[in-house]
Amino acid sequence: MITFGPVPSRRLGQSLGINNIPPKVCTFSCVYCQVGRTLNLQLERQVFYDPEKILSDVHDKVKKARKMGETIDYLSFVPDGEPTLDKNLGRTIELLRPLEIKIAVITNGSLIWLEDVREDLMKADWVSLKIDSVMEKTWRKINRPQKRLQLDSILNGMLKFKRNYTGELVTETMLSEGVNDGVDNLTAVADFLSRLQPVKAYLSIPTRPPAEKRILPPSEEVINRAYQILNKKLDRVEYLIGYEGNAFAFTGKAEEDLLSITAVHPMREEAVIQLLSKAKANWSVVRRLIDQAKLIESEYEGQKFYLRRFPRRKQRALPDTD
Ligand code: SF4
């Protein structure tokens, strides 16, 4: 199926997915990939589907959605592989323009050192780049790139792209326990992101069965630590962890607001106190959520934080570094 949805997406609102790559052709074979191991690990861009065919599929879906009164906020290239391997990505984006819907591309960024790939991505309104590690050994371990790929060229390509890109650039860092969640790796990622200056830097964890069974999401404490490390260098860091949360919609219901904000980022103790007082509630709400195992309290650098409890985790000690 070339198109799917529209489906709700926290980052993109109602998003109509475009699968412009057959499963599973990619430049990486990430250990956490939810599509499984990469079957064709390749670097060469090629033609997969006729752009006219993609246009006609998207056109049909948009027509149906509009008839049902549904809105579509974004047409999103989010295939079962790497979307920039499609030689016709730029041409397809151009063909979709008359539909007057914003266009997003979620890419691993591995081919961004190529000028034609940068040109294609420039045509999108919103681009997400994957940055799990900027350290050679860790990068190879987590993303298992095609052998000829070079990390330096990719990182330079990203910086080059950002200099001329007028759309919204975001990044996504997927955390895997014991692979890239150490202090050294995240400090290096934060340094690179502070140069890249994405509009938002998202932190995510594997929430669906990964390509390699041994891969686990880190504990809440480690995710909080990762958040704090990135947050020191960047203004806008958010979780992207499966819960739908909107930190900016205050409902006045203390419990709901606490859960939706902590689904996006950890809260300091004083922020929780402030929220409770605004909602005319007291600390018993926090105690109840902790008792119900929906919230946890954690300390980082002498400060208390309140975190949403994530699925399938048991508590464990912080690993030191990679
Ligand atoms: S880049 Fe995306 S599609 Fe490719 S292996 Fe990694 S997670 Fe899977």
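This is a predicted model: local features need pLDDT of at least 70, side-chain atom pairs count only at pLDDT 80 or more; totals for chains, interfaces and linings use all residues.

The largest cavity is lined by Phe28, Asn108, Lys130, Ile131, Asp132, Ser133, Trp139, Asn143, Leu151, Ile154, Leu155 and Met158. Two elements give two or more residues to that lining, α4 (136-143) and α5 (151-164), and α5 gives the most, with four. Sorted by class, the lining has seven nonpolar, three polar and two charged residues. For the classes, Ala, Val, Leu, Ile, Met, Phe, Trp, Tyr, Cys and Pro are nonpolar, Asp, Glu, Lys and Arg are charged, and the others, Gly among them, are polar.

The volume of this cavity is about 70 Å³, and a search of the whole structure turns up one cavity of 30 Å³ or more. On a 1 Å grid over the protein atoms alone, a cavity is a set of points where a 1.4 Å probe fits but cannot get out; a pocket is an open set with protein on both sides within 12 Å along at least five of seven lines, and lining residues have an atom within 4 Å of a point. Points are joined across faces, edges and corners, and a volume is the space filled by probe spheres set on them.

Residues are numbered from 1 along each chain as its sequence is written, and side-chain values use heavy atoms, with hydrogens and water left out.

Mean pLDDT (the predictor's confidence in each residue, from 0 to 100) is 91 for the protein, with 93% of its residues at 70 or more. Over residues 313-322 pLDDT stays under 50, and the model has 31 contacts beyond four places in sequence for them. Contact here means heavy atoms within 4.5 Å.

The largest pocket has a volume of about 1400 Å³. Of its 42 lining residues, Arg11, Gln34, Val78, Ile106 and Arg208 are the closest to its centre. β1, β6 (102-107), β7 (126-130) and β8 (168-174) each supply at least two lining residues, with β1 giving the most, four. The lining divides into 21 nonpolar, twelve polar and nine charged residues.

## The eight-stranded sheet

Helices (H or I, at least four residues) and strands (E, at least two) are DSSP runs numbered from the N terminus, and two strands pair if DSSP finds at least two bridges between them. Eight strands make an open, mixed sheet in the order β1-β2-β5-β6-β7-β8-β9-β10. β1 and β10 (237-240) are at the edges with a single partner strand each, so one side of each has no neighbour in the sheet.

β1 (residues 3-9) and β2 (residues 13-18) are antiparallel over five bridges and form a hairpin with three residues between them; Phe4 has Gly17 in β2 as its bridge partner. Further in the order, β5 (residues 74-77) runs parallel to β6, joined by four bridges, and Leu75 is partnered by Ile103 in β6. Helix α2 (residues 89-96) lies across β2, β5 and β6, at about 165° to β5. Axes are lines fitted to C-alpha atoms, for helices over the stretch in contact, and angles run from 0 to 180 degrees between N-to-C directions.

## The three-stranded sheet

An open antiparallel sheet has the order β11-β13-β12.
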